[in-house]
Amino acid sequence: MTSTLQSHVIAGMLANDPLLSGEVGLTTLLVVLIKVVVAFVGLLLSVILMVWFERKVIADMQNRFGPNRAGPFGLFQTIADGMKLIFKEDLMPERADPFVFKLAPFLSLIPAFLTFAIVPIAGSFNDGLDGVVTILGQQTFMQVADPQIGILLFLAMSSLAVYGIMLAGWASGSKYPLLGSVRATAQMVSYEAALGLALASVLLIAGSLSTNAIVNGQAGFRWNVWMTGLVPFVIFTIAATAELNRPPFDLVEAEQELVGGFHTEYSSFRFAMFFLAEFLNTVTMSAIIVTLFFGGPSGPTFGLTNWVGVYILPFFWFFLKLLVFLCMFVLFRATLPRFRYDQVMDLGWKLLIPASLGWFLLLVAVRVGSDQGWNLVATGLAAVAGLLAGAFLLILSIRASAAKRAAVSLPGEGT
Amino acid sequence: MRVEMFTFLLTAAICLAGSAGVVLLRNPVHNALSLVATLFGVAVLFIQQGAYFLAAIQVIVYAGAIVILFLFVIMLLGVDKAEGIDRDPILGQRTAAIAAGVAILGLSLTALLSVGSRVTGQASTLAAIDGSEPNINALAKVLFTDYVFAFEITSVLLTVAVVGAVVLSRKAGSAIDVAEFPEGTTADLLQAKHDAAAVEQEVLEEVATEDETPEGEAETTEEALR
C-alpha cells in the first residue's frame, strides 16, 4: 500500500500529503499539528476581532460609541459576551428533538473550521518558490492541507453547512425556526449553483483545483479578478453573501418576520456556536475570495527569501486583502436594506445563474479559440452573439410566463 | 497501529452504524441523517483508496443535494413523525424485503469469499492509479474520450427528467380552476368573502359600542392625569 499511495505524492513534498497515508514520520505529524493549531487559534482570534470590528464600525456609522467598556476600545467585548453565554441557562423546548437539537450547532461550526484548512495564508510565490516553506526540515505549504480536490472541499463543506441550519430549525419543534430554516436552505441551495458556476471560470483559468496552484498561477499580479473579466468575481461575491446569510440576504433571521430565525429556540453556548459559525464563515469566505480572485498571499517580496520574505510579507499581503473584504461585508450590513424573499430567488435563478453560465461559456470559447489558433476577435464576437440570443430567449420566456401568470391571477389581487 | 487501519476501522464503524440507523430508527429525519453519516463514511473510504474526486463528489452531490432534498420533502410533507409499521402498506412487502436482503447478503459474501485470496489491500484493484496526475485530470480525459457518448446521453437524460418534472408539477391551462368553486366565479367568491368579513366587522363594532362607556371613562381619567 505504501508504495502505491506514496507515488501520488509529489516527490519531495511529503508533508504536503494531507491525509498522512503511507509511512508517517514524527516530524511530519508535528508539522501538521503545528499548522492545525496555528490555523485554529488564528481563526478564532480573527473571529473575536471581527465581531468587535463589525460592531465598532456599524456603531460609528450610526453615530454611537459601540462596545467601549471591556478592555481598551472594547476589544474584549466578544470574550465578555462569550463568557456570559457560557454561564446562561441552557434551554430546550419541550417539543424539540433532543439529539438533533444538540447536534445542529456542531454541524454548523465544524464545516466553518474545516474550510479554512485549504486557504494558503503565507509563503512566497515569487522567485520560483511556489509557496513552499521549510518547517523543521520538512517542505510544506502554509496551509493546513493541499488536497487534490482543493477548492471542491470548500463546496463540499458549504453544502454540509446547510445541515446545521436546516436541522436546527426542524429540531426546535417550533414554527418560526422551521420557517427560517426552510428559507435558509432554499436560499443556500439556490446560490450554491451560482457560486459553483462562478468558481468554474476561475478553475478554467487556473487549470487546477488545488488552492496552492490557483494562487501560484496568480503570482505577479495576474489576478483572476481581471483574468476572468470581473464578472465571475462580482457573481461570486453576491452569491457568497447570500450563502453566508448576511445582509442584504439575511432573510433567514429577519427579526420582523421570524423573531430570530433558525436559532430562535437556542440559548447559552449552543447559540454562541451558531454565532461563532456565522462569523467564522464570514472570515473564511473572505479568505476564499482572496485566494480565488486576488492572488492570496502572493505579492511583491522585494527579492527577500529569508523569513521576512517567506512568512511576514506574504501574510501581510494576505491580511491586507482579507481586511478589504471583511470591510466590504461590514459595509453591506451597515448600508443595504434587506431583500424580499421573491427578489432573492429571482436574483439567484434568473440573473446570477444564467449570467455566470454565459460568462463561463464565453471564456471557454475564447480558450478553445486560442488553443485552436482561430481568429480571437471573430470567436469572441460569435460567442457573444450566441449568448445574446440565449439571453434574449431567456428574457422572452420569463416575460411570457409572467404574462400568463398575470392573466389567471385572482381579480383584486393587484397587478 | 498503522494510520490506514485506524482510519478504516473508524470509518467502517461509522458506515455500519449509519446503515443500521437508516433501517432501524423510527423517525424519518433520523433515518436521513444516518444516511448522511454512511455517505460521509464512504467518502472517507474513497479517499483512502486514492479516489479523491469521487469522495468530493460523494459529499457534494449525495450529502449536499440529494439528502437535503429528502429532508426538504420530509419536512414539507410533515411526515417527520415515527411511522407505524404494524402492517405492510403492500401485501407481502415484508417477506419480499427479507428475501431480497438475505439474497443480496449471500451474494456479496459469496463474491467476497470466492475471491478472498485476491484481496490484496492495494489502493485500487481494477484501474492502476497513475501517480503522476491528479484524479480529476485522469477522469476528465476518460470521460471526454472513451465514454463521451455515455456522458452526453446521461446529461440528456437528466435534462429530460428536469423538463418532465416541470411539466408534471405545472398543471396545464389556468392555475386556478374556476369549476372548483361552487358559488360562481372566483370574483363572486371573493366578493362573498369580503361581504362576510364586513358583516363580522359590523358585529364587532356593535360590541365595541356597547362597551364604550368604561373606555370613555378611562380616557377622561388619562386626560385628567395629563
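The legends below describe close-up views of a predicted model. Residues are numbered from 1 along each chain as its sequence is written, with chains lettered from A in the order written. Local features need pLDDT of at least 70 and side-chain atom pairs count only at pLDDT 80 or more, whereas totals for chains, interfaces and linings use all residues.

**View 1. Helix content of chain B.** Chain B holds 8 helices and 0 strands (DSSP runs, H or I of at least four residues for helices, E of at least two for strands, numbered from the N terminus). Of its 226 residues, 14% are buried (20 or more other C-beta atoms within 10 Å of the residue's own, C-beta atoms being placed from the backbone).

**View 2. Helix α3 of chain B.** This helix covers residues 52–77, and its 26 residues reach 36 Å from first C-alpha to last, close to the expected 38 Å (1.5 Å times one less than the number of residues). α3(B) bends by about 25° at B:Val67 (the angle between axes fitted to the seven residues ending there and the seven starting there).

**View 3. Buried residues of α3(B).** Among them are B:Tyr52, B:Ile60, B:Gly64, B:Ile68, B:Leu71 and B:Met75. The buried residues of α3(B) pack against α5 (151–171) and α6 (175–206) of chain A, together with α2 (28–48) and α5 (135–143) of chain B.

**View 4. Helices α6 and α13 of chain A.** The axes of α6(A) and α13(A) (residues 341–372) come within 9 Å and cross at roughly 15° (lines fitted to C-alpha atoms over the stretch in contact, with angles from 0 to 180 degrees between N-to-C directions). The two helices are therefore roughly parallel (angles under 35 degrees).

Methods. Buried ≥ 20, exposed ≤ 12 C-beta atoms within 10 Å, placed from the backbone. Contact = placed C-beta atoms within 7 Å. Parallel < 35°, antiparallel > 145°, perpendicular 65-115°, else oblique.
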